[in-house]
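We will go from stop to stop, and each stop tells you what to select.

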Amino acid sequence: MISERTKVFRKITELFFLSLFLYFINWFFPENPGYFQSSLNPYYLIAALISAYYGRNYGYLSLGFSLVFILIPIITEFVITTYWKTLWDLANFQIPVILILIYLLGMIHHSFVSQIKNQRLYMKKVSLDKNKLQKELSSVSSVNRELEERVLRQQDSVTALYTQVKAMHSQNLSKTLGVLISTVQKFSWAEKASIWEYEKESKQLVMVANVGWDSDDVLNTIESVDSSINGWVFRNDRIFSVRMLLEYENLSVMDNERNILTFPINLSNSIWGVLNIEAMPFPKYNLYTEKLLAILIDLAGTAIERAVDYEALIEYNEVNPDTNLPSVSQLFTFIENEIKKSSENQSVFSVIILELTEFDDLIKLYGDKRIYKLLLLMLDKLHSLSGSMVDFFHYKEKNQIAMYYPNIDYDGASLFCLESLGVINSYNWTINDNKVLLDVILGYSSVGSEDINAEDLLNLAENLIEMQKV
């Protein structure tokens, strides 16, 4: 871009050399000094045109250059004073006229320039307003699409949310967290998200599940509880939103540009960790998404607590190598803990014992591995029937499986047993294309308002099984 100073210098130079050129031409007509005897004076014409094109100041400047050159004598034999007097006699009337003409043409030029400038400013304003409206229209369209999608998928979303929450109920903590973070991604369109667990030994937050992370993100898997936004959420049991950075200076200090929405994950008696969304589309960042995720995480708390308790139970104990299920001793410990929780929270649960009759005969026919594989398939169907709510344990005999079913009373356990028998009896059980008849007996008992210990609770379920054998 040429600077304004350069443009002015170029115009002045042009005017100077243009007047100089006319002066040299005048040497070929010495009898007409300054062209004052001509009907159309080139000096005046150029000054008038310059005034109309560049403005009156440049017109006066052009006339000034011309007058300077006119004062230089063309006829050397003239005395300078005589030469100047001759010029004055010729031009004393013409110069005031050309000055007025230059002024008038300059005013016309100024008027046109002002109009053009105003038009440019107006067009610039129109252009800026148009761009602003286009951006607003784009934002509104984006929001409208989000609202339309939200309305269209609302019914499906409720169904999908219900299905995902049910899928979180697993004895495997990694699976539970995996379902949770995939559900968060589905409902928030998060491009990056992670789950962090508080590690009591190191007093730090450790990343235990993520989605959308790349190699650079994996370098940041541990965060301080005291100097990170994830830690602030954990310590204060509060939801963080990126808009809070404008309100709280202490959060701005801790910000590492990796937190958009962060939620505490609460178990029944403590805060377990946090869920953090690190990247998401801007239209999805709204109060609706925030509330939906808060509900989802509240619902996930029970599933996470269950998986944490289950893994803590079997962490230092052996599991059956064929079924990967915990033993009866672990069942007793687990039930005792649940009875304590039930007493504190006034909640209920049931224990169901499944006994597979003719188990030894089936093993002789088909072998341990095939029968245990068939047994696991049966348990998988019962797990689906319960809505992923039951936990399985080995019981006292090899052909017995104990099931822990939370939040269900005696009547509910009875109904579940009837439905289970229906599922088992209606399924076509086969081994190597050979039909296998599975005969099962179910006994159950429930924890209610009366105090009971684990042994008595399990004995009640055993008694029902024994009564069916008579």
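Select isoleucine 100. This residue sits in helix α5 (helices are DSSP runs of H or I, at least four residues; strands are runs of E, at least two; both are numbered from the N terminus). The model is predicted: local features need pLDDT of at least 70, side-chain atom pairs count only at pLDDT 80 or more, and totals for chains, interfaces and linings use all residues. Residues are numbered from 1 along each chain as its sequence is written, and side-chain values use heavy atoms, leaving out hydrogens and water.

Is isoleucine 100 buried or exposed? Isoleucine 100 is exposed, at 53% relative accessible area (buried means under 20%, exposed over 50%, partly exposed in between, with a 1.4 Å probe and protein chains only).

With Ile100, they form a nonpolar patch on the surface. Together they have about 530 Å² of accessible area (Shrake-Rupley method, 1.4 Å probe; for residues, only the protein chains shown count as cover). Patch residues have over 30% relative accessible area and no salt bridge; like charges are joined within 9 Å, nonpolar side chains (Val, Leu, Ile, Met, Phe, Trp, Tyr) within 5 Å. Helix α5, residues 94–152, gives the largest share of the patch, 5 residues.

Next, select residues 328–345 and 454–469. These are helices α11 and α15, which pack at an angle of about 110° with axes 9 Å apart (axes are lines fitted to C-alpha atoms, for helices over the stretch in contact; angles run from 0 to 180 degrees between N-to-C directions). So α11 is roughly perpendicular to α15 (65 to 115 degrees; under 35 is roughly parallel, over 145 roughly antiparallel, the rest oblique). Which residues meet here? Leu331, Phe332, Ile335, Glu336 and Ile339 of α11 meet Ala454, Glu455, Leu457 and Leu458 of α15 (contact means heavy atoms within 4.5 Å).

Stay in α11. Lysine 341 and glutamate 338 lie there, 3 residues apart, about one turn of the helix. Their side chains meet in a salt bridge at 3.8 Å, N to O (a side-chain nitrogen of Lys or Arg within 4 Å of a carboxyl oxygen of Asp or Glu). Lysine 341 is partly exposed at 23%, whereas glutamate 338 is buried at 11%.

Move to arginine 306 and aspartate 391. They form a salt bridge too, at 2.5 Å, N to O. Arginine 306 is in helix α10 and aspartate 391 in strand β8, so the pair ties together parts 85 residues apart in sequence.

Last stop: select Lys192, Asp214, Asp217 and Arg258. A network of salt bridges links them.
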